[in-house]
Every structure is written in C-alpha cells, then in structure tokens.
Amino acid sequence: MIELEGLTKRYGSKVAVDQLSFQVRPGVVTGFLGPNGAGKSTTMRMLLDLDNPTSGSVRIDGKHYRELAEPLKYIGALLDAKAMHGGRTAYNNLLCLAQSNRIPAARVSEVLDTVGLTAVAKKKAKGFSLGMGQRLGIASALLGDPEILMFDEPVNGLDPEGIHWIRNLMKQLAGEGRTIFVSSHLMSEMALTADHLIVIGQGRLLADTSMADFIRQNSRSFVRLRSPQWERLLDVLHQAGVPFLQTGDGAIEVDNGRIEALGELAAQHQLVLHELSGQQASLEEAFMQMTAGSVEYHAHGATTPGGPPAAPPDRGGAQEPPRWGARGQDKGV
Amino acid sequence: MTTPYQQQPHAPQAPGPQLGTYTSPIAQRRPGFGDALASEWTKIRSVRSTIWTLGVLVVLMLGLGLLFAVLLRANDRGETNTPVLVFGAFGVLLGSICVITLGVLTISSEYGTGMIRTTLTACPSRGRILAAKSVVFFLISFVIVTAGATLVAILQTAMVPDGPRPTSGDWLRATVGVGFYIAMLGLLSLAVGALIRHSAGAITIMIGVVLLPLVLAMFMFTASLSGLRDFLMAYSIPSQLIALYGDQLSTPGPSGWESLGIITGITAVALGGAFVSLNSRDV
C-alpha cells in the first residue's frame with residue numbers, strides 16, 4: 001500500500017506536483033495516467049525518496065522510504081531503462097544491487113531468467129537495445145521479490161511481443177497479491193492492464209476511479225447519420241424531440257440513439273441516408289478531453305483550432321462538460 | 001525467434017497467494033555496512049575505467065621511477081644533497097591524475113549513467129553510500145600507490161649508490177605516507193565528484209587544484225604578492241607531496257608527516273559538504 005498525502009513539488013515558481021493525495025492498493029494494477037509533463041515521473045521519484053517533496057508526504061506500508069531496512073525487498077522500481085552503468089555487465093549491474101540488500105546472488109540469475117536476458121547476462125549493458133534495457137530494469141525491480149512494484153512507462157521502446165509480455169507479467173504479479181503501480185501516457189495501454197486508474201494533469205489529480213467505472217462513464221456511444229438532405233433531417237429530428245449534435249464534416253450524431261429507431265424515422269419521412277452507423281468514442285478521446293486543459297506541450301500546426309490533435313470533430317459547444325472530474329475528486333481527496 | 005534472448009515460461013513464485021498480501025520468500029535480514037561495502041566493491045571492480053586508471057597509474061609510477069634511477073645511475077649527481085627517494089615523486093605526481101580520475105568516476109559515473117537512482121533506491125541512506133564508496137576507493141588506491149611507491153623506492157635506493165641514505169622514517173613516509181596522501185587526494189576528488197556530479201567538470205577542477213597554485217605562484221613577481229607566492233609554493237599539492245619525501249620546494253613549508261594532516265583536513269571538510277549535498281539535493 002502506497003499512500004500520498006498532499007504531495008507537492010515546486011521548482012522555483014513552477015508547480016510540478018500539486019497537492020496530490022491518493023492511495024495505491026495491493027492486489028490490483030493501478031494505472032497512473034497523464035500527458036507528458038503532468039508530473040508522473042516526479043511523483044514516482046518522490047515516492048522513492050529520490051526527490052524531496054516541497055510539502056506533503058509519502059508512506060509505504062506506513063513508513064517513509066528512508067525507514068525501509070531493505071527497500072528492494074519492499075518495493076521494486078523501474079524508473080527509466082538506462083538507470084544502469086553501461087560499462088558493467090547485466091549480471092554485475094544486478095549483483096551490486098543484490099549485495100546491498102543481502103539478496104542471495106542466485107536470485108540475480110533467477111530474475112535474468114525471468115526477463116529472458118540469461119543469454120546476455122555477461123554482456124555490457126551499453127550494448128543493449130531499448131527493449132533489452134527495459135527488461136534489465138524490470139529484472140532489477142523484481143530482484144528483491146518485493147510486494148510493491150512500480151513501473152514508469154514500462155512499454156516504451158518494446159516490440160509488440162515485449163509489450164504483451166509486460167502486460168501479462170504485471171497481471172500475474174498483481175494476481176500474486178502485489179501492489180502494482182504503473183505509469184503511462186497511453187490510455188489504450190492502461191485500458192488493457194490496469195484495474196484502477198489515477199489520472200493527473202499539470203500535477204493535479206483529475207480522477208481516481210476504477211477502470212470499469214471509467215470505461216462506463218466515458219465510453220460515449222452514439223449513432224452517426226449522414227444525409228444529402230441534412231437540413232430536412234435536422235427538422236425531422238428536432239420535431240421528433242431527438243437530441244443531436246452536428247459535426248463539422250456534415251454528419252449528425254445522436255448520443256445513445258438506437259440505430260433501428262433512427263432508420264425507421266428517416267424512412268417515414270422518405271429521407272435518403274448515406275450513413276447510419278453505431279459509434280463508440282474511444283477511451284483515448286475521453287482521456288484527451290479530460291486532460292486537454294492541462295496538456296503542457298501542445299503541438300502546433302497540425303492541430304485543429306480549439307481542440308487537441310486528433311480530437312473528435314468540433315461539436316460547436318454542444319458537448320456537455322466532462323462528468324468524471326468531480327466524482328474523481330470526491331473519491332481522491 | 002528473432003530476438004537474441006529467449007523468453008522463459010513464467011513459473012509462479014509463491015504457491016496459493018492471497019489477494020492483498022504478498023510475502024516474499026527471500027529471507028528478511030537487516031543489511032549492514034558490510035553489505036554496502038560488498039556492493040561498492042562489485043561496482044568498482046566490474047568497470048573497465050578502474051582497470052585503466054590503476055593500470056596507467058602503476059605504469060607511470062614504475063616507469064618514471066625506473067627511468068630516473070637509470071638516469072641518476074648513468075650521470076654524476078655532483079654536489080646536490082637531494083635524498084634519493086624524492087625521485088619517485090615525479091611518477092607519483094603524474095600518477096595522481098589517474099587516482100583523481102578514478103576517485104571522481106567512482107561517484108560521478110553513477111550520475112552520468114543514471115545508476116545513482118537505482119543505487120539510492122536500493123540503499124536510501126546517502127551517508128552509507130558515500131561512506132562505502134569512500135572506504136572501498138581509499139583502500140584500493142592506498143594499497144596500489146603504497147605498493148608502487150615501495151617498489152620504486154627499493155629500485156632507486158638499490159640502483160643509485162651515492163647520496164644520503166634514507167632513515168626508516170624517510171622510508172615510511174615515502175611509501176605508506178605517499179600511499180595515504182595520494183589515496184586521500186583521490187578521496188577529495190570523490191567528494192568533489194559528489195558535489196559537482198559531472199565527471200569531466202570534477203576532474204578538471206581537481207587537476208586545477210593540484211597544478212594551479214604552483215603555476216600561479218610562478219607568475220607572482222611583484223613584491224606585494226611575495227607572501228602569497230611563498231605560501232602557494234610551500235603548500236601546493238606537489239610541494240606537500242615532495243615534503244613527504246623529505247625535500248622542500250621552499251621554506252618554511254610542511255615537513256615530516258604534516259602533509260597528511262593538511263590533506264586529511266581538507267578532504268574531511270569536502271566529504272562533509274558532499275554528505276550534506278547528497279542528503280539535501282534531488283537526484
């Protein structure tokens with residue numbers, strides 16, 4: 001169990017992490033989601049006592065990190081793949097860590113085997129690919145067979161096979177009753193691995209909710225209609241009392257509409273339809289809308305005005321405000 | 001398989017785990033300072049820079065020592081009263097750059113590679129890390145420099161027959177004393193490495209600390225600076241080293257074992273600063 005309370009980190013006048021309070025519970029995979037620069041890595045470094053918080057505190061099973069006698073047996077962390085000495089072999093990189101925590105040397109070979117690096121155990125770490133470096137970092141996290149595991153962007157640089165392996169590994173580790181805390185900026189990745197979700201943006205907590213709740217609240221389903229007689233179609237929908245949204249590209253969207261009913265309605269009025277399809281907004285879109293106000297580094301040029309890149313078409317302000325924020329805050333604070 | 005490494009089927013590590021609790025089968029024992037020493041020993045012996053710097057150190061010490069012995073043997077030394085042992089100082093002085101480099105790299109390479117984050121995650125006590133690194137580094141450099149200096153002293157006294165014979169005190173200072181001095185200078189470099197956190201920067205600073213006072217003193221011609229010049233001449237690091245061999249670049253300067261006290265004092269202050277810095281700064 002990891003508990004954060006009012007964790008804050010300021011660099012000069014810039015607030016990287018702002019009054020962050022949440023808990024990471026054992027036995028589940030907790031996803032830590034936020035756009036680049038949201039403060040995920042800073043938060044993780046403060047968890048490990050690498051950075052000093054400006055205010056607030058972190059407790060790991062009720063203890064401060066520096067009070068842990070053998071931290072590696074409590075908490076294993078993958079911060080970034082290259083946090084190893086490149087001139088040292090994979091085996092020796094792990095051996096010196098094992099020795100400092102009284103972990104038997106046999107365990108080093110064991111974790112190298114677990115991550116599939118046995119064949120390159122005697123090779124220098126600097127010759128490793130990004131994926132192999134990531135595996136070595138994961139091996140170091142597993143070294144003490146800890147009850148808490150923390151991974152910062154573990155799928156970065158991995159090939160599809162590696163990504164699949166990490167997902168299964170995290171699920172298996174959580175299944176053994178461990179606490180898994182994993183950060184990512186990819187909603188799609190989290191949707192596949194995480195049971196619980198913590199979303200931050202610009203250092204502030206945006207949501208603290210179970211993955212199932214998040215999906216239920218944010219997977220908006222709608223029916224998309226296109227018609228050459230769209231003005232008449234609008235009148236018909238209006239008269240029928242069906243709420244709709246007009247998208248910029250001439251299509252009409254009806255939230256939670258039934259395809260059958262809408263098709264029949266169009267037929268009654270002898271309208272020609274070019275499209276009548278059921279759609280599901282992706283979680284990626286929901287995540288981007290949630291964090292749109294707090295994305296620090298916007299790309300310019302390719303973006304459409306008024307929305308993040310690849311955002312759904314402009315709905316002309318008809319979009320209702322996000323529903324998750326308030327709920328998440330209630331739970332988290 | 002297109003990948004060079006093979007994925008192993010993952011065997012469950014604990015039978016019948018309960019949700020919400022995981023107990024590691026690895027025995028829990030409180031690690032002590034000895035474990036930190038073992039860890040640092042593994043680190044220092046498993047990188048090539050250690051072999052290189054210490055190898056070059058030994059070559060410089062023995063090579064220059066031998067060269068001077070041969071030159072002194074072939075040429076008439078004339079009237080000079082210079083003790084024989086002092087001719088070992090040149091090799092040691094050049095070799096000290098290797099010790100400085102190794103001292104700096106012992107800690108700054110961890111910052112350069114990012115290893116420091118892993119290290120401090122494994123052992124959050126900054127004091128223990130700094131102490132373990134200091135002890136391991138100091139012992140290695142002390143043993144090697146002392147052994148090298150002893151070998152050079154034996155060669156030179158054997159090959160150069162004339163000149164005043166060194167006393168047992170001279171012998172001890174020129175071997176163990178020099179080993180201690182250079183190892184302490186390396187420890188000062190380690191402290192500077194911990195403060196600067198940048199290999200090249202820290203090495204440059206340390207080479208400056210060794211050479212600059214003497215170089216500056218050479219250019220202080222004016223009478224108003226003569227006091228400072230004499231001080232720099234007498235207490236620069238090369239002067240302190242030569243004083244250990246029983247010779248002096250200028251008087252009054254350190255004599256006997258005094259040099260060791262000076263370098264130990266400076267290093268203690270620097271290590272204290274490094275400790276405070278490690279404890280308070282973000283990694």
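What share of the contacts in chain A with a separation of 6 or more comes from residues 24 or more positions apart? The share is 72%, where a contact means that two C-beta atoms, placed from the backbone, lie within 7 Å. Welcome to a predicted model, in which local features need pLDDT of at least 70, side-chain atom pairs count only at pLDDT 80 or more, and totals for chains, interfaces and linings use all residues. Residues are numbered from 1 along each chain as its sequence is written, while chains are lettered from A and ligands numbered from 1 in the order in which they are written.

View 1. The domain assignment gives domain 1 (2–216) and domain 2 (221–280), with bounds that come from an automatic or database assignment. Their C-alpha centres lie 47 Å apart.

View 2. All 6 of the 6 residues of β7 (residues 179–184) of chain A are buried, so the strand is largely enclosed by the rest of the structure. Thr179(A), Phe181(A) and Ser183(A) point one way, and Ile180(A), Val182(A) and Ser184(A) the other way. Pairing requires at least two DSSP bridges between strands. Strand β3 (residues 29–33) of chain A runs parallel to β7(A) over 5 bridges, with Thr30(A) partnered by Phe181(A). Strand β6 (residues 148–152) of chain A is also parallel to β7(A), again through 5 bridges, and here Ile148(A) has Thr179(A) as its partner.

**View 3. The β-α-β unit and Ile166(A).** Together, β6(A), helix α6 (residues 160–175) of chain A and β7(A) form a right-handed β-α-β unit; with the strands pointing away from the viewer, the path from the first strand over the helix to the second runs clockwise. Ile166(A) sits in this helix α6 of chain A. It counts as buried because it has 22 C-beta neighbours inside 10 Å. Leaving out residues up to four places away in sequence, Ile166(A) touches Pro154(A), Val155(A) and Leu158(A).

**View 4. Helix α4(B) where the chains meet.** The contact takes 45 residues from chain B and 52 residues from chain A. On the chain B side, α1 (33–45), α2 (48–74), α3 (89–113) and α4 (115–122) each give two or more residues. In α4(B), 8 of the 8 residues are buried, so this helix is largely enclosed by the rest of the structure; among them are Met115(B), Ile116(B) and Leu120(B). The buried residues pack against α2 (71–74), β5 (75–78), α3 (90–100) and α5 (130–142) of chain A, together with α3 and α5 (126–159) of chain B.

**View 5. Nonpolar cores.** A nonpolar core is a set of buried Ala, Val, Leu, Ile, Met, Phe, Trp, Tyr and Cys residues joined through C-beta atoms within 7 Å. The largest has 142 residues, and Leu94(A) and Ala139(A) have the most contacts inside it. Helix α6 (residues 168–196) of chain B gives the most to this core, with 16 residues. A second, separate core of 8 residues includes Leu225(A), Ile252(A), Leu262(A) and Ala266(A).

How values were computed
Helix = DSSP H or I, 4+ residues; strand = E, 2+ residues; numbered from the N terminus. Buried ≥ 20, exposed ≤ 12 C-beta atoms within 10 Å, placed from the backbone.
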